[in-house]
Amino acid sequence: IHVEWFDQAFVPLLGAFVILVFGMRARRWWSSDSISLAASSLFAVWLVPFLHLTFTVPHNSTYVLLLAVVFLFPVINRWPFAWIGGWIVCFALLIHPLLGVPIVALFSSALIARRWPRLSAPVAFILVVGGILSAFFFYVQRVQGMVLSIDIVHVKAAFHILFGFPFVSSSAPWWMILAYRMLHVWPLVFIFLGYFGLRNLKPEERWIRRTILGTAFGMMTAAFILAGWIRLPNIMSNEQYEFALRLRYAIPVLFIPGVMRILARFSFLHGIKKGIFIIPLVVLALGMWYGSYPQQNRLVKMHAPGLGRSDMEMVRLIERTADGKPYVALTPQMVSAAALRIIGFERELQTVAGPRYPYAIPTGGELYGWYLQVWRMLEYRPVLQHVFAFSQTEHVFLVLPKAWDPNGILDRALSAYASDRRAVSDR
């Protein structure tokens with residue numbers, strides 16, 4: 001399946017299926033006395049349009065699976081729901097460990113709670129923290145990243161990254177500043193309300209609340225450690241914290257049923273009025289997610305543009321020019337993101353170090369580091385010669401955003417060295 005179809009069709013359809021099938025049935029699984037949770041499906045519908053707003057397909061897939069596990073959670077340790085949960089766990093862990101590990105923790109703790117309900121919270125916490133950090137430490141060793149020393153500076157940095165308000169320039173309109181502030185506030189308010197919504201569970205159901213809290217604390221602990229001490233190579237500063245922030249913004253999903261339990265208690269929210277009340281929440285959550293990438297916080301003083309039409313056209317131009325021949329593309333991050341969407345993940349080029357993706361990906365391979373060296377070094381020829389020798393190919397494409405080279409200094413220098421030069425729009 002082409003990655004663009006997978007991103008724009010399969011994942012949203014999967015999200016719609018989970019919300020309609022599991023969400024509507026969750027009113028029975030999560031109901032207590034006369035409290036109905038049908039509104040949880042209406043609130044969760046904001047997840048589906050959000051899936052179009054980012055190119056990170058694996059994370060979106062596991063996000064939907066996490067929602068499915070939350071809807072299933074009260075009955076996930078019973079037959080036949082345990083069979084369904086087991087398949088969800090396997091798929092989630094194979095797709096992306098960032099949310100796959102919390103899904104594994106929820107399912108495993110639910111099974112343990114059948115015999116030892118008081119152990120569900122510590123088991124969930126240990127599995128989440130241990131699983132996520134183990135995966136990242138392994139990846140750091142593989143890509144030669146860094147684990148920073150433990151000191152008060154990094155503790156403060158992690159706190160500001162996860163809990164500090166994002167800042168935009170002083171010239172930004174008031175509504176944008178307010179939206180960025182609410183971006184960091186709403187998950188905390190949502191978690192707070194969800195916790196109180198889960199407090200009135202029956203005694204035999206309290207393991208549910210304990211497991212959700214253990215998983216949530218584990219995800220926040222892992223996010224805190226990733227934000228403060230884990231650094232990956234060849235990633236610009238405002239991208240280093242993206243994994244930690246994704247964990248932070250996934251935690252509210254665990255508390256959706258708790259919030260719906262609170263809303264269901266208010267008689268004025270029945271029927272159409274309930275839908276009218278929830279729709280603004282859907283729009284608000286969607287708008288804040290849309291503004292969350294790329295983000296700017298008090299530690300990061302720069303921001304970057306998102307994926308645009310020019311990035312997509314550049315990849316298509318490279319594909320047409322290469323005409324099926326193997327090539328290497330030294331590209332900025334968003335052009336590489338466009339390549340992932342257009343040509344998929346499966347493209348490989350045989351290099352002296354083994355198979356590599358032909359585009360410069362910050363989190364994979366050596367190409368992005370050499371791309372940055374082209375910008376840092378006045379003498380760029382040794383870098384390009386090294387790329388030719390490494391890739392064992394006759395075609396190397398080098399993409400220069402005009403915003404990075406407004407005076408055209410590097411453009412003119414490389415044009416004299418290149419065999420051809422093309423321009424896409426005014427970028």
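Q: Before we look at particular helices, when is a crossing left-handed?
A: A crossing is left-handed if the near helix is turned anticlockwise from the far one by less than a right angle, and right-handed if clockwise. In this predicted model, the crossing of α10 and α11 is left-handed.

Q: At what angle do α10 and α11 pack?
A: Helix α10, residues 206-229, packs with α11 at an angle of about 160 degrees, and their axes are 8 Å apart. That makes α10 roughly antiparallel to α11, because angles over 145 degrees count as roughly antiparallel.

Q: Which residues meet there?
A: From α10, Met219, Met220, Ala222, Ala223, Leu226 and Ala227 take part; from α11, they meet Phe243, Ala244, Leu247, Arg248 and Ala250. By type, the residues of this contact between α10 and α11 divide into ten nonpolar, no polar and one charged.

Q: How many residues of α11 are buried?
A: Eight of the nine residues of α11, which spans residues 242-250, are buried, so this helix is largely enclosed by the rest of the structure.

Q: Which ones are they?
A: The buried residues of α11 are Glu242, Ala244, Leu245, Arg246, Leu247, Arg248, Tyr249 and Ala250.

Q: Stepping back, what is the secondary structure of the chain?
A: The chain has 18 helices and six strands.

Q: And how much of the chain is buried?
A: Of the 427 residues in the chain, 50% are buried. The chain exposes about 21100 Å², and carbon and sulfur atoms supply 65% of that area.

Q: What share of the contacts joins residues 24 or more positions apart?
A: Among contacts in the chain with a separation of 6 or more, 75% are between residues 24 or more positions apart.

Q: Back to helix pairs. How do α5 and α6 cross?
A: The axes of α5, residues 81-95, and α6 come within 8 Å and cross at roughly 155 degrees. The two helices are therefore roughly antiparallel to each other. Their crossing is left-handed.

Q: Which residues make that contact?
A: On the α5 side they are Ala82, Gly85, Gly86, Ile88, Val89, Ala92 and Leu93, and on the α6 side Pro97, Gly100, Val101, Ile103, Val104 and Phe107. The contact of α5 with α6 involves ten nonpolar residues, three polar and no charged.

Q: What about α6 and α7, at what angle do they pack?
A: Helix α6, residues 97-113, and helix α7, residues 120-143, pack at an angle of about 155 degrees, with their axes 8 Å apart. That makes α6 roughly antiparallel to α7.

Q: Is that crossing left-handed or right-handed?
A: The crossing in which α6 passes α7 is right-handed.

Q: Which residues of α6 and α7 meet?
A: In α6, Leu98, Val101, Pro102, Ala105, Ser108, Ser109, Ile112 and Ala113 meet Ser120, Val123, Ala124, Leu127, Val128, Gly131, Ile132 and Phe136 of α7. The residues of the contact of α6 with α7 divide into twelve nonpolar, four polar and no charged.

Q: Changing topic, where is Val315?
A: Val315 is in helix α14, residues 309-322. At 0% relative accessibility, Val315 counts as buried.

Q: What does Val315 touch?
A: Leaving aside residues up to four places away in sequence, Val315 touches Val335, Ala338, Ala339, Ile342 and Tyr359. The C-alpha atoms of Val315 and Ser336 are 8.2 Å apart in space, and these residues are 21 apart in sequence.

Q: Where is Asp323, and is this residue buried or exposed?
A: Asp323 is in the loop between α14 and β3 (328-330). With 57% relative accessibility, Asp323 counts as exposed.

Q: What is the phi of Asp323?
A: Phi of Asp323 is near 55 degrees, a positive value in a residue other than glycine. Most residues other than glycine have a negative phi. Gln392 also has a positive phi, near 55 degrees.

Q: Where does Gln392 lie?
A: Gln392 lies in the loop between α17 (381-391) and β6 (396-398). Gln392 is exposed, with a relative accessible area of 57%.

Q: Finally, where is His160?
A: His160 lies in helix α8, residues 152-163. At 24% relative accessibility, His160 counts as partly exposed. The C-alpha atoms of His160 and Gly228 are separated by 9.6 Å, with the two residues 68 apart along the chain.

Technical notes: Residues are numbered from 1 along each chain as its sequence is written. This is a predicted model: local features need pLDDT of at least 70, side-chain atom pairs count only at pLDDT 80 or more; totals for chains, interfaces and linings use all residues. Side-chain values use heavy atoms; hydrogens and water are left out. Axes are lines fitted to C-alpha atoms, for helices over the stretch in contact, and angles run from 0 to 180 degrees between N-to-C directions. Helices (H or I, at least four residues) and strands (E, at least two) are DSSP runs, numbered from the N terminus. Angles under 35 degrees count as roughly parallel, over 145 as roughly antiparallel, 65 to 115 as roughly perpendicular and the rest as oblique. Contact means heavy atoms within 4.5 Å. Ala, Val, Leu, Ile, Met, Phe, Trp, Tyr, Cys and Pro count as nonpolar, Asp, Glu, Lys and Arg as charged, and the others, Gly among them, as polar. Buried means under 20% relative accessible area, exposed over 50%, partly exposed in between (1.4 Å probe, protein chains only). Accessible areas come from the Shrake-Rupley method with a 1.4 Å probe; for residues, only the protein chains shown count as cover.
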